[in-house]
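Hello,

Here is the structure for you to take over. My notes on what turned up follow below it.

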Amino acid sequence: MKDLRNDPQAISQVPATKVYQKEKEMAKTPMLSHFKDLVGNDLVMIYGPTRAGKSSLAREIAKEVLKNGGKVFYLDTEGSLDLMDRKELGQSYRYTPLFEEIENIVRRLPELDVFILDSVGLPILGKYARANFKQRGEAMLSMHALLADIKDWAHKKQAIAIVINQDKSTISREETESGEEILEPFGGKGAYFVKEILRLIPVRRDRNITRSLLLAHDCRKLGRGAPVAEISITADRFDFSWKLKEREAPIGIPESSFKDFEILINEASTDADLDKVKNQIPWDSLSPEQKKTLSDLGKEKRRQIREGKTKEAPF
């Protein structure tokens, strides 16, 4: 009997529904439809730090497509999904951390509504960490070739591909001369194969909720830092709110995320705490009013922390 576990074609054996047609009509899903409107039949990359909610977002998109009769293939390279999620996705899910297997699967992808790769960075890391200088260049070229193959598949099959990635600093721990983390996606020139790059940043992370902002990073019609969407994750709920209207970004971040930053500033008890919040705030995404409010609040909090000192550090 043929082993279907390593064969993405296995998902084509799932019975087709009236929703999925030969002309590749898009499954009517709120989340995926927004990304489809943004990128079309192409490749979109979502990257960011750990625990920002990247895999949660990808998982919910996959589930929504399946529930609406569409076809999805979720290739998990990190073991990001738990047993319950894997069972729910069924034959539409595959886990492998081996880059050679990932390459083979991508080359044989069938017709789908969406292909999700979660993630592209980690499989390369193993090769990258063990390689010499020359081999590291070859490893990066392998990643670029994989992204090119995914882009070709999206064009030929008239579908969308979503690739999850990490910050460059998350993988290689690189910093600028001033000590700031490098906030570019891992992979360097591999970004040339991606039509739109979005960055997911955590705004609030505690034991009750994770709230994150999806911001434009390298997009053709959106300025860097433009708010694209907001997600909120709790133990029993996932909320997704798209902020673009006809590809026009709103002015400023959503009120819920803005309030979270106010709370973080007010909760800071040391200069180090305040500096951490300051570096976390996506200043380029704020409206002028939001910038002034948070800046004034930060300066006042800094004054309170340093009460008794004559010199005030700029927030």
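**Backbone, core and strands**

Gln-158 counts as partly exposed, with a relative accessibility of 39%. Keep in mind that this is a predicted model. Gln-158 sits in the loop between helix H6 (133–157) and E5. Its phi is positive, about 55°, although Gln-158 is not a glycine.

Arg-51 is another case. Its phi is near 65°, again positive in a residue other than glycine. Arg-51 belongs to the loop between strand E1 (43–48) and helix H2 (54–67). Is Arg-51 buried or exposed? Arg-51 is exposed: its relative accessible area is 60%, and the cut-off for exposed is over 50%.

Now the chain as a whole. It has 315 residues, and buried residues make up 50% of them. The secondary structure comes to 10 helices and nine strands. Take the contacts between residues at least 6 apart in sequence: 63% of them join residues at least 24 apart. The accessible surface is about 16500 Å². Carbon and sulfur atoms account for 49% of that surface.

Next, the nonpolar cores. In soluble globular proteins, nonpolar side chains tend to be buried together. The largest nonpolar core here has 37 residues. Which of them touch the most other members? They are Phe-35, Ile-61, Ile-116, Ile-162 and Val-228. Phe-35 has a list of contacts beyond its neighbours within four places in sequence. Among them are Gly-40, Ile-46, Leu-57 and Ile-61. The list also includes Ile-160, Leu-198, Leu-214, Phe-240 and Trp-242. Another core, of 29 residues, lies apart from the largest one. Its members include Ile-102, Leu-109, Ile-124 and Leu-147.

Gly-40 follows H1 and has a positive phi, near 75°. That glycine is also one of the contacts of Phe-35.

Then strand E4 (residues 114–118). Why is E4 largely enclosed by the rest of the structure? Five of its five residues are buried, so the rest of the structure largely encloses it. In a regular strand the side chains alternate between the two faces of the sheet. In E4, Val-114, Ile-116 and Asp-118 point one way. Phe-115 and Leu-117 point the other way, and all are buried.

E4 has parallel pairings with two strands:

- Strand E2 (residues 72–76) pairs with E4 in the parallel sense over five bridges. Tyr-74 has Ile-116 as its bridge partner in E4.
- Strand E5 (residues 160–166) pairs with E4 in the parallel sense, also over five bridges. Asp-118 has Ile-164 as its bridge partner in E5.

The peptide bond from Asp-118 to Ser-119 is cis, with omega near 5°. Ser-119 is placed in the loop between E4 and helix H5 (121–130).

Over to you.

Technical notes: Residues are numbered from 1 along each chain as its sequence is written. This is a predicted model: local features need pLDDT of at least 70, side-chain atom pairs count only at pLDDT 80 or more; totals for chains, interfaces and linings use all residues. Side-chain values use heavy atoms; hydrogens and water are left out. A nonpolar core is a set of buried Ala, Val, Leu, Ile, Met, Phe, Trp, Tyr and Cys residues joined through side-chain atoms within 4.5 Å. Buried means under 20% relative accessible area, exposed over 50%, partly exposed in between (1.4 Å probe, protein chains only). Contact means heavy atoms within 4.5 Å. Helices (H or I, at least four residues) and strands (E, at least two) are DSSP runs, numbered from the N terminus. Accessible areas come from the Shrake-Rupley method with a 1.4 Å probe; for residues, only the protein chains shown count as cover. Two strands pair if DSSP finds at least two bridges between them.
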